[in-house]
Amino acid sequence: MKKRREYLSLTQQDLAEMAEVGLATIKDIERGKGNPSLNTIKKILLVLGLEINYQVKVTV
């Protein structure tokens with residue numbers, strides 16, 4: 001996430017404002033801390049132009 005944010009020349013504050021999440025949330029995620037909700041992650045990825053791919057592992 002940090003690399004993509006920097007590639008887009010966005011500050012952490014820019015990303016937080018554009019994704020409508022707290023600056024602390026962005027900082028925590030980039031440090032590998034915190035536990036953001038799926039909704040928060042979706043907001044951030046939308047701003048970054050990224051998407052989540054879900055894969056279900058089938059076990060027998």
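The stops below give what to select and what is there.

This is a predicted model, in which local features need pLDDT of at least 70, side-chain atom pairs count only at pLDDT 80 or more, and totals for chains, interfaces and linings use all residues. Residues are numbered from 1 along each chain as its sequence is written, and side-chain values use heavy atoms, with hydrogens and water left out.

Select residues 12-19, helix α2. Helices are DSSP runs of H or I with at least four residues, numbered from the N terminus. Colour L15, A16 and A19, the buried residues of α2; buried means under 20% relative accessible area and exposed over 50% (1.4 Å probe, protein chains only). Looking down the axis of α2, these residues fall within an arc of 100 degrees, so they line one face of the helix. The arc is taken from the directions from the helix axis to the C-beta atoms.

Turn to the other side of α2, where E17 and M18 are exposed. Just after the helix, select E20, which has a positive phi of about 60 degrees.

Next, show α1 (2-7), α3 (23-30) and α4 (38-48), which are among what covers the buried residues of α2.

Keep α2 and α4. Which residues meet between α2 and α4? L15, M18 and A19 of α2 meet K43, I44, V47 and L48 of α4, where contact means heavy atoms within 4.5 Å. By class, this contact of α2 with α4 has six nonpolar, no polar and one charged residues; Ala, Val, Leu, Ile, Met, Phe, Trp, Tyr, Cys and Pro count as nonpolar, Asp, Glu, Lys and Arg as charged, and the others, Gly among them, as polar.

Technical notes. Helix = DSSP H or I, 4+ residues; strand = E, 2+ residues; numbered from the N terminus.
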